[in-house]
Amino acid sequence: MAAFFARRLLAAALLVVFVSSSALVLTGLAPGDITAEQVGSGVSAETLRAERARLGLDRPLWRQYLDWAGRAVRFDFGTSLLYGRSVAGLVGERAANTALLALAALVAATVIGLPAGVIAGSRRGVTRGAIQSCSLFALSMPSLVSSLLLVFVAAKTGWLPTGGMSSPEAHAAGGFVAAADVAWHLVVPALALAMPLGATLERLQAQALAETLAEPFVTAARARGVPWRRVVWRTALKPSLRSVASVYGLIVGSLLSGSFVVEIVTAWPGLGRLMYDALRSRDLYLVAGCAAAGGAFLAAGALLSDLFLAWVDPRLRDRAEAGS
């Protein structure tokens with residue numbers, strides 16, 4: 001198992017390198033740079049050339065990339081051209097906010113989606129139809145629409161904050177008050193992300209459980225007189241989780257991409273908003289840093305998926321040990 005996860009970690013590192021390098025190169029190849037916004041604002045051409053030289057943007061792209069890569073090996077991702085701050089520190093702060101949002105959405109989607117899938121996969125009639133109708137509605141609603149709808153409801157009712165991560169007075173109070181205020185602001189963006197994910201988990205779990213309940217070992221348990229509820233929740237549940245476990249890594253990746261829109265709509269100060277600002281201003285180093293954080297999120301999700309699969313399916317552990 002140690003060799004198995006060592007290979008996974010190596011693959012994760014290569015993924016982060018590839019994603020961040022591609023992001024920097026593609027941004028550098030795009031027309032314009034961070035000084036383009038000053039064109040037409042009365043700034044002279046000589047001033048613009050001097051500013052590009054000061055920022056190092058007058059060098060060939062391959063030189064900029066090699067300099068960045070040499071520093072990145074030492075975990076120095078440069079200085080943001082837009083904010084004038086260390087990219088590592090800036091991305092670390094925003095990535096922590098996105099991770100908090102993604103974790104809350106993942107927990108909500110799992111807590112709602114898996115039990116709903118178990119119920120829909122083991123029952124017939126009105127209950128199953130109601131659950132499937134709700135999941136179909138949630139699946140068909142993009143994150144942009146769901147976040148706008150939730151913000152609208154929050155604004156009309158006044159029950160929840162419509163945007164931001166905290167209130168100034170609660171942030172100044174600190175301690176439990178600040179934490180509770182962040183949790184209160186977390187509800188709207190987390191629900192916007194969790195709705196389609198919970199529906200996806202419900203569909204996967206319902207189908208997997210229905211197939212598992214048709215297996216011979218379940219029939220044998222029923223023949224021994226094991227109650228139906230115990231068969232569903234104790235005998236068939238764990239084997240049926242393989243389908244869900246196999247897509248958890250993709251779910252984490254979709255959480256990151258989905259948060260891009262949700263963070264902008266709800267003014268959540270996360271990695272998605274930072275990436276948007278970096279792309280709009282052509283901030284090469286900040287784009288690369290955000291992409292590296294995104295690749296790390298995706299790699300962590302894939303590793304989490306492997307761990308979950310190894311827990312629910314012992315045969316995978318046996319194959320991993322045999323391969324090592």
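The model is predicted, so local features are reported only at pLDDT of at least 70 and side-chain atom pairs only at pLDDT 80 or more, while totals for chains, interfaces and linings use all residues. Residues are numbered from 1 along each chain as its sequence is written, and side-chain values use heavy atoms, with hydrogens and water left out.

I begin with the chain as a whole. Its secondary structure comes to 15 helices and zero strands; these are DSSP runs numbered from the N terminus, with helices being H or I of at least four residues and strands E of at least two. Of the 324 residues, 42% are buried. Here buried means under 20% relative accessible area, exposed means over 50%, and partly exposed lies in between, with a 1.4 Å probe and protein chains only. Contact means heavy atoms within 4.5 Å. Among contacts between residues at least 6 apart in sequence, 74% join residues at least 24 apart.

I turn now to the interior. A nonpolar core is a set of buried Ala, Val, Leu, Ile, Met, Phe, Trp, Tyr and Cys residues joined through side-chain atoms within 4.5 Å. The largest such core has 37 residues, and Leu213, Ile251 and Leu255 touch the most other members. Helices H4 (87–122), H6 (143–157), H8 (175–213), H9 (216–223), H10 (228–240) and H12 (248–265) each supply at least two of its residues. Which helix gives the most to this core? That is H8, with 11 residues. Apart from this core lies another, of 26 residues, including Ala69, Val91, Ala278 and Ala293.

Leaving out residues up to four places away in sequence, Leu213 touches Gly121, Ser122, Val218, Trp228, Val231, Val232 and Ala236. Thr212 belongs to helix H8 and, at 8% relative accessibility, is buried. Beyond its neighbours within four places, Ser240 is in contact with Gln205, Ala208, Leu209 and Thr212.

Where do the side chains of these two residues reach? The side chain of Ser240 reaches the backbone oxygen of Leu237 at 2.6 Å, and that of Thr212 reaches the backbone oxygen of Ala208 at 2.8 Å.

Next, the aromatic residues. The whole structure holds one aromatic pair. The ring centres of Tyr65 and Trp68 are 5.9 Å apart and their planes stand at 40°, so the pair is tilted. Rings of Phe, Tyr and Trp (its six-membered ring) pair if their centres lie within 6.5 Å; planes under 30 degrees apart are stacked, over 60 edge-to-face, and the rest tilted. Both residues lie in helix H3 (residues 61–72), three residues apart, about one turn of the helix. Tyr65 is partly exposed, at 26% relative accessible area, whereas Trp68 is buried, at 3%.

The charged end of Arg63 sits over the ring of Trp62, 5.8 Å from its centre. Arg71 lies over the face of Tyr285, 5.5 Å from the ring centre.

Methods: Lys NZ or Arg CZ within 6 Å of the ring centre and 35° of its normal. Polar contact = N/O pair within 3.5 Å; in protein donor to acceptor, adjacent residues only side chain to side chain.
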